[in-house]
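Look over the chain below. The report that follows takes up confidence, a surface patch and several individual residues.

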Amino acid sequence: SELGRWLIGAGLAIALLGALLLLAGRLPWLGHLPGDLRFSRGGVTCIMPLATSLLLSIILTVVLNLLVHLLKR
């Protein structure tokens with residue numbers, strides 16, 4: 001039964017990640033925040049989304065901590 005719970009949780013996490021990736025393309029500000037670095041020379045563009053990465057890290061940390069807290073009950 002423990003393996004079954006783990007597989008259901010993993011499946012839900014993968015489905016949630018897929019939904020987030022589908023919705024991420026619809027957010028025009030994602031990747032264009034102040035603090036995201038973009039360099040262009042000729043035909044080469046290098047993008048370093050530092051602020052976006054930081055924001056996503058904070059959001060995921062809060063969500064995952066809430067999930068862990070709720071699942072420990």
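## Nonpolar surface patch

A patch is built from residues with over 30% relative accessible area and no salt bridge, and nonpolar side chains are joined within 5 Å. In this predicted model, one such nonpolar patch lies on the surface. Its members are Leu-27, Trp-29, Leu-55, Ile-59, Leu-60, Val-63, Leu-64, Leu-67 and Leu-71. One member, Leu-64, sits in helix α2.

## Confidence

The protein chain has an average pLDDT of 89. A score of at least 70 is reached by 100% of the residues.

Where is confidence lowest, and where is it highest? Helix α1, residues 2–24, is lowest, with a mean of 89. Strand β1, residues 37–41, is highest, at 93.

## Thr-52, a buried position

Thr-52 belongs to helix α2, which spans residues 50–71. Is Thr-52 buried or exposed? Its relative accessibility is 6%, so Thr-52 counts as buried. The cut-off for buried is under 20%.

The side chain of Thr-52 has a polar partner: the side chain of Asp-36, at 2.7 Å. Which residues does Thr-52 contact, once neighbours within four places in sequence are set aside? They are Leu-30, Gly-31, His-32, Leu-33 and Asp-36.

## Leu-30, in the loop

Leu-30 is located in the loop between α1 and β1. Its relative accessible area is 24%, so Leu-30 is partly exposed. Residues up to four places away in sequence aside, Leu-30 touches Ala-24 and Thr-52.

Leu-30 and Pro-49 are 19 residues apart along the chain. Their C-alpha atoms are separated by 8.9 Å.

## Other positions in helix α2

Leu-56 is placed in helix α2. It counts as partly exposed because its relative accessibility is 40%. How far apart are the C-alpha atoms of Leu-56 and Leu-67? The separation is 16 Å, for 11 residues along the chain.

With 45% relative accessibility, Val-62 is partly exposed. Val-62 and Gly-43 are 19 residues apart in sequence. In space, C-alpha to C-alpha, they are 39 Å apart.

Leu-70 is another residue of helix α2. Its relative accessible area is 53%, so Leu-70 is exposed. The cut-off for exposed is over 50%. Leu-70 and Leu-50 are 20 residues apart in sequence and 30 Å apart in space, from C-alpha to C-alpha.

Methods:
Residues numbered from 1 in each chain as written. Predicted model: local features only at pLDDT ≥ 70, side-chain atom pairs only at ≥ 80, totals over all residues. Heavy atoms only, no water. pLDDT = per-residue confidence, 0-100. Helix = DSSP H or I, 4+ residues; strand = E, 2+ residues; numbered from the N terminus. Buried < 20%, exposed > 50% of the residue type's maximum accessible area, 1.4 Å probe, protein only. Polar contact = N/O pair within 3.5 Å; in protein donor to acceptor, adjacent residues only side chain to side chain. Contact = heavy atoms within 4.5 Å. Patch = residues over 30% accessible without salt bridge, like charges linked within 9 Å, V, L, I, M, F, W, Y side chains within 5 Å. Areas by Shrake-Rupley, 256 points an atom, 1.4 Å probe, with all protein chains shown as cover. Salt bridge = Lys/Arg side-chain N within 4 Å of Asp/Glu carboxyl O.
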